[in-house]
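Have the viewer open as you read, and colour by secondary structure if you like.

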Amino acid sequence: RTSPWIAMDPTLPTAALRGCFANRALPKRQPRRARRCSTRPFRPLGYGNGKKESTTFSGWSNCYLGSNDPYGETLHSILSLVRAKYLSIDRFVSVVGSFVALQFLLVLKPKTVHFFDMNPQQVQWAKMLCELIQISKTPQEYISRVFARQVRPFERRLGHGGPTGDRLTHLNQHRFLRLPIAQRLRSDTLQRLSASAQETYQRVLIPLQEGDQPGWFTPTLLPC
């Protein structure tokens with residue numbers, strides 16, 4: 001009888017119901033004597049704490065380096081915007097996060113785009129990805145530069161009529177990742193990036209390209 005309960009108002013939308021909390025009267029408790037909390041080091045997500053603690057999402061270890069949103073949910077949101085004809089807008093504001101917002105920009109036409117994040121490293125990662133997009137003429141070239149492996153030759157070797165088709169997909173991406181690093185492509189990519197993006201590429205992306213798993217929130221990257 002003294003536990004919190006949720007006030008359900010049928011006139012409120014579903015999203016609003018999540019915030020409608022009320023408490024019954026709780027019995028009075030005797031005041032506790034103040035005591036000092038024991039100090040212990042904070043371990044961010046990705047360091048084996050079982051996700052039992054909250055995190056400040058600071059530093060590279062807590063970055064979303066790949067997509068973290070369900071594709072079906074993202075597609076549903078995009079199609080809902082298309083159906084509602086909310087495509088030409090003044091401002092598009094989104095947290096960087098896993099950068100799923102880029103998929104919305106395939107259909108939206110904002111006059112101004114704002115990205116923000118509480119983690120400065122997340123912003124650095126997003127800026128590097130934007131530079132990689134700008135220097136890539138095709139999606140295949142973008143994936144090639146991210147993973148330092150040539151997509152076009154890989155797809156040509158797949159040929160037609162094979163069990164996985166002639167495109168890089170989730171069915172053959174592990175074969176793609178077993179290809180040797182294209183050192184010339186990696187060097188060309190680094191030369192085209194800004195100094196800040198070069199630092200991010202070398203510090204974060206190159207170890208992931210070579211299969212290192214640093215124990216971060218994003219342990220590895222996959223193209224599909």
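Contact here means heavy atoms within 4.5 Å, and buried means under 20% relative accessible area, with exposed over 50% and partly exposed in between (1.4 Å probe, protein chains only). Helices are DSSP runs of H or I with at least four residues, numbered from the N terminus. The model is predicted, with local features needing pLDDT of at least 70 and side-chain atom pairs counting only at pLDDT 80 or more, while totals for chains, interfaces and linings use all residues. Residues are numbered from 1 along each chain as its sequence is written, and side-chain values use heavy atoms, leaving out hydrogens and water.

Let's start with helix 4, whose buried residues pack against helix 5, helix 8 and helix 9. The buried residues of helix 8 in turn pack against helix 4, helix 5 and helix 9.

| Helix | Buried residues |
|---|---|
| Helix 4 | Gln121, Gln122, Trp125, Ala126, Met128, Leu129, Glu131, Leu132 |
| Helix 8 (residues 183–192) | Leu185, Arg186, Thr189, Leu190 |

How do helix 4 and helix 9 pack, and at what angle? Helix 4 (residues 120–134) and helix 9 (residues 195–209) pack at about 105 degrees, with their axes 9 Å apart. They are therefore roughly perpendicular, a term for angles of 65 to 115 degrees. Gln124, Trp125, Met128, Glu131 and Leu132 of helix 4 meet Ala197, Thr200, Tyr201, Val204 and Leu205 of helix 9.

Technical notes:
Axes are lines fitted to C-alpha atoms, for helices over the stretch in contact, and angles run from 0 to 180 degrees between N-to-C directions. Helices (H or I, at least four residues) and strands (E, at least two) are DSSP runs, numbered from the N terminus. Angles under 35 degrees count as roughly parallel, over 145 as roughly antiparallel, 65 to 115 as roughly perpendicular and the rest as oblique.
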